[in-house]
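Here's a quick walk through the ligand site and the domain layout. Have the model open in your viewer as you read.

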Amino acid sequence: MLEYIDLKYKPNKDDFILSYYVESNIDFRKTCEQIAAESSIGTWTDISTMNKRTAVKLKPHIFSIRKVGDKKGNIKIAYPYKLFEQGSIPQLLSSIAGNIFGMKIVKNLRLEDIEFPKKYVKSFKGPKYGIKGVRKKFGIKKRPLVGTIVKPKVGLSPKQHAKVAYESWIGGCDVVKDDENLTSMAFNKFEDRLKEVMKMKEKAEKETGEKKGYMVNITADCSTMLKRMKMSKDIGNDYAMVDIITAGFSALQTVREYNEKYNLILHAHRAMHAAITKNKKHGISMIAIAKIARLIGVDQLHIGTGVGKMEGSKLEVREIEDDMEKSFFLGKREDKIFTPLNQEWYNIKPVFAVTSGGLYPQLVPKLIRNMGTDIIIQAGGGIHGHPSGTISGARAMRQAVDATLEGVSLRDYAKNHKELREALNYWK
Ligand code: CAP
Ligand code: MG
């Protein structure tokens with residue numbers, strides 16, 4: 001049987017480094033060997049067809065084992081570069097995130113992080129705009145962008161949807177997005193909505209003198225998404241929003257490819273991520289998903305709030321944000337099991353972190369304290385649920401951001417900002 005555990009192995013610059021949390025149903029080392037085998041060149045038994053070249057050139061090495069119990073712990077595996085197809089996320093995941101999750105000998109398995117080698121990073125385009133490019137589009141140098149999601153999620157007609165978007169923009173939102181499950185339904189067809197909202201966007205830009213953005217949700221089968229990108233481009237829109245998990249990484253790579261000619265800002269929603277990221281013992285971490293999204297080249301990515309209604313601690317959200325923003329991410333957190341890996345990003349631009357989910361004015365100071373100002377703050381219920389309606393809701397969110405940037409408490413700022421005062425009294 002091939003041996004994969006080699007604690008003396010030193011990864012070379014072309015290796016992929018994978019960090020996994022493993023819980024085994026049998027002998028721990030045996031399960032680790034099987035994980036390395038099944039994710040690369042091996043299977044459950046020795047085979048007569050194995051050849052020396054494969055065994056030597058393509059065999060991964062388990063070079064680090066940190067146990068936290070009899071049959072569980074963190075392992076790091078170095079995979080040879082030649083195991084992977086340049087520029088193909090589907091093939092990468094079919095290997096390092098494929099069969100191994102289903103092996104009976106594995107009780108739990110979580111892919112914690114992936115460190116990509118330079119040659120692989122260079123085989124991707126990364127974001128077209130990145131943080132700087134989006135900020136330049138809006139002429140917003142420093143402060144967080146403020147956005148909303150039109151609510152109800154679905155159900156409005158195109159004209160009603162456009163009215164909510166208009167009120168959000170004149171109330172102070174920079175960007176307005178479709179909800180993740182609004183694409184093109186009988187009551188709100190994609191092309192009708194796009195037309196109506198663009199009319200309102202133009203009106204809001206004229207009245208406010210500010211650039212506004214509309215993240216239209218193009219999510220569908222791949223060929224329909226490409227058609228919708230063209231429609232968004234042709235009508236003069238700046239954005240395309242994609243639910244990247246439900247649409248799939250292969251489709252996202254094609255959308256990014258076509259974006260070379262459409263030049264849209266790609267907004268990535270992560271609906272369904274929690275089916276694989278939430279369980280801290282089994283699945284794939286959000287930081288690994290986020291790194292894949294940055295490689296493929298989304299410009300904006302939902303990464304959580306640390307304070308709102310969705311899963312994700314402040315520390316996790318900040319780490320993901322750092323990995324999205326920095327040109328070199330230093331994996332530093334030493335907790336008992338998981339330490340994020342380093343990542344040099346070379347030519348890959350930073351991704352704008354989108355923070356959303358149960359947000360409302362009161363949470364803005366904590367949000368900015370934890371995540372900084374290079375973020376896009378999105379509130380749906382936190383704007384359209386304001387007691388005086390959408391325009392006031394948008395104003396209250398902008399006032400909360402302005403107060404925080406001026407170092408003034410919301411309570412003090414609310415003394416002469418009615419909309420914020422109403423929000424503070426309404427959401428105790
Ligand atoms: C937020 C939201 C977003 C979630 C996604 C929603 O609305 O539109 O999809 O933020 O979560 O449908 O819940 P609210 P995440 O502001 O009304 O909560 O960003 O964590 O992926
Ligand atoms: Mg939503």
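The shell around ligand 1 splits into 3 nonpolar, 7 polar and 6 charged residues. Keep in mind that this is a predicted model. Which of the 16 residues around ligand 1 come nearest? Those are K153, K309, S356, G358 and G380.

| Residue | Protein atom | Distance to an oxygen atom of ligand 1 |
|---|---|---|
| K151 | polar side-chain atom | 3.1 Å |
| G357 | polar backbone atom | 3.1 Å |
| G358 | backbone N or O atom | 2.7 Å |

So how much of ligand 1 does the protein bury? Taken alone, ligand 1 exposes 480 Å², and 94% of that is buried by the protein. As for where the ligand sits, ligand 1 takes up the space of the largest pocket.

Zooming out to the whole protein, the domain assignment gives domain 1, covering 16-121, and domain 2, covering 130-426. On the domain 1 side, 28 residues take part in the contact between the two, while domain 2 puts in 32 residues.

Notes: Residues are numbered from 1 along each chain as its sequence is written. Chains are lettered from A and ligands numbered from 1 in the order in which they are written. This is a predicted model: local features need pLDDT of at least 70, side-chain atom pairs count only at pLDDT 80 or more; totals for chains, interfaces and linings use all residues. Side-chain values use heavy atoms; hydrogens and water are left out. A residue is near a molecule or strand if one of its heavy atoms lies within 4 Å of it. A polar contact is a pair of N or O atoms within 3.5 Å; within protein, one must be able to donate a hydrogen and the other to accept it, and residues adjacent in sequence count only if both atoms are side-chain atoms. Accessible areas come from the Shrake-Rupley method with a 1.4 Å probe; for residues, only the protein chains shown count as cover. On a 1 Å grid over the protein atoms alone, a cavity is a set of points where a 1.4 Å probe fits but cannot get out, and a pocket is an open set with protein on both sides within 12 Å along at least five of seven lines; lining residues have an atom within 4 Å of a point. A molecule sits in a cavity or pocket if more than half of its atoms lie within 2 Å of its grid points. Ala, Val, Leu, Ile, Met, Phe, Trp, Tyr, Cys and Pro count as nonpolar, Asp, Glu, Lys and Arg as charged, and the others, Gly among them, as polar. Domain bounds come from an automatic or database domain assignment. Contact means heavy atoms within 4.5 Å.
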